[in-house]
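Here is a friendly walk through one protein model, written for someone who likes to keep the structure open while reading.

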Amino acid sequence: MTATEHTARTALEAVLHGPGAAEEITLRRRTLAPLAPGGALVRVEATGVSFAEQQMRRGKYYDQPPFPFVPGYDLVGRVEEVGPDTDPALVGRRVAALTKTGGWADRVVLPAADLVPVPDGVDPADAEAAVVNGVTAHRMLHRLARVRRGDTVVVLGANGGVGSLLVQMARRAGATVIGTASTRHLEAVRALGALPVDRRAPDMYARIRELAPEGAAAVFDHVGGPAIVDSFRLLAPGGTLVSYGTAATRDEQGNARMPVLALFGRLLLWNALPNRRSAHFFNLWQGHRSLDRYRRRLAEDLGAVFALLAEGAIDPPVAARVPLEEIDGALALAESGTVVGKVVVVPAGRD
């Protein structure tokens, strides 16, 4: 349907009203305006809960919008309608998008230029589990750490949405992977092809050093906090630490920017010292100011992830599929630490 054929459309959205418990989320139905040139209306088939939304609920995400707002970092869906001067062939296509916010809805209006095709035959929930998590894993592994065949890498939280894909992609690249997880998830990590290490063991880092006595070519750390020092010490000469989160400070009170800024400072200091090792903080949105280039790079990287998914080379774990109407339960489940993979939210899709 083009904009000239527009009929009244509504969207069911989950609104986060303020920091606190999941009960701060309510549902609302909103009438959507006609599409502008270059716009596309997407009926959402799957969105999800990532660590970013968990931080946003606490008011702790680095650059989140003011409350109230609709969270939702990414989505998969089908194009229902396009605006003027927009390719009508998009209508009916399954697409994915990084949104940062706004994805917790059954319909979303997005720039058509932000949409990335999803291969035919790929389940929407599987595709959703591979969007932000897959691009993050792919870029950290291949663009930052440049992991090669024969390398040994360490993945903290190897049972998580990003961690599990890091393990699979690193194994596909020919690397040996050491993965940490809680006791209940160690067998799942082993099944992915990693050497499992109990993250709750007091000698966790010593155990990792036993498995990689010459050091690791790369360490992927989503935890941050004081233990980032131990992660850096695991590196072999020439190795790379990639920090991509601050889970250790998730529940701390105070300014949301301070843990991130403190981490930045530490990484910059390490890079300035002659220690033959490098440290990076991964930012999925780096380069976004050069929007056309960013979109091309996203289409390339997410396209590579979807190609792996379509051929069965990766299997992004879906922890659960939860209706949008039960978004509070989806958030609580994702925060529980009891699941492997991503909690996917599935809108009912009704008017």
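## A look inside the model

Trp270 is buried, because its relative accessible area is 11%; buried means under 20% relative accessible area, exposed over 50%, and partly exposed in between, with a 1.4 Å probe and protein chains only. This is a predicted model, in which local features need pLDDT of at least 70 and side-chain atom pairs count only at pLDDT 80 or more, while totals for chains, interfaces and linings use all residues. Residues are numbered from 1 along each chain as its sequence is written, and side-chain values use heavy atoms, with hydrogens and water left out.

### Aromatic pairs

Which ring does Trp270 stack with? The partner is Phe232: the ring centres are 4.2 Å apart and the planes are at 10 degrees, so the pair is stacked. Rings of Phe, Tyr and Trp (its six-membered ring) pair if their centres lie within 6.5 Å; planes under 30 degrees apart count as stacked, over 60 as edge-to-face and the rest as tilted. The pair links distant parts of the chain, with Phe232 in helix α7 (residues 228-233) and Trp270 in helix α8 (residues 257-272), 38 residues apart. Helices (H or I, at least four residues) and strands (E, at least two) are DSSP runs, numbered from the N terminus. Phe232 counts as buried because its relative accessibility is 8%.

The structure holds 5 aromatic pairs. One of them joins Tyr61 and Tyr73 edge-to-face, at 6.2 Å centre to centre and with 75 degrees between the planes. Both Tyr61 and Tyr73 are buried. Ring pairs also link Tyr61, Tyr73, Trp285 and Tyr294 into a cluster.

### The nonpolar cores

In soluble globular proteins, nonpolar side chains tend to be buried together. A nonpolar core here is a set of buried Ala, Val, Leu, Ile, Met, Phe, Trp, Tyr and Cys residues joined through side-chain atoms within 4.5 Å. The largest one has 68 residues, and the members that touch the most others are Leu166, Phe220, Leu284, Leu302 and Phe306. Helix α9 (residues 291-310) gives this core its largest share, 7 residues. A second, separate core has 20 residues, including Val154, Leu156, Met204 and Leu235.

What does Leu166 touch, leaving aside its neighbours within four places in sequence? Leu166 is in contact with Ala137, Met140, Leu141, Val155, Phe220 and Tyr244, where contact means heavy atoms within 4.5 Å.

### Helix α9

The 20 residues of α9 should span 28 Å at 1.5 Å a residue, and the end C-alpha atoms are 27 Å apart, which agrees. The expected span is 1.5 Å times one less than the number of residues in the helix.

Its buried residues are Tyr294, Leu298, Asp301, Leu302, Val305, Phe306, Leu308 and Leu309. Seen down the axis of α9, they fall within an arc of 150 degrees, so they line one face of the helix; the arc is that of the directions from the helix axis to the C-beta atoms. On the other side of α9, the exposed residues are Asp292, Arg296 and Glu300.

What do the buried residues of α9 pack against? They meet β5 (94-98), β7 (116-117), α2 (124-129), α3 (132-144) and α4 (161-172). After α9 comes Gly312, with a positive phi near 80 degrees.

Strand β11 (residues 216-221) is mostly covered, with 5 of its 6 residues buried. In strand β15 (residues 342-346), 4 of the 5 residues are buried, so β15 is largely enclosed by the rest of the structure.

| Strands | Sense | Bridges |
|---|---|---|
| β8 (residues 152-155) and β11 | parallel | 3 bridges |
| β11 and β12 (residues 235-243) | parallel | 5 bridges |
| β3 (residues 39-49) and β15 | antiparallel | 3 bridges |
| β14 (residues 318-323) and β15 | parallel | 5 bridges |

Val219 in β11 is the bridge partner of Val154, while Phe220 stands opposite Val242 in β12. Val343 in β15 stands opposite Val49, and Val343 is also the bridge partner of Ala320.

Technical notes:
Pairing = 2+ DSSP bridges.
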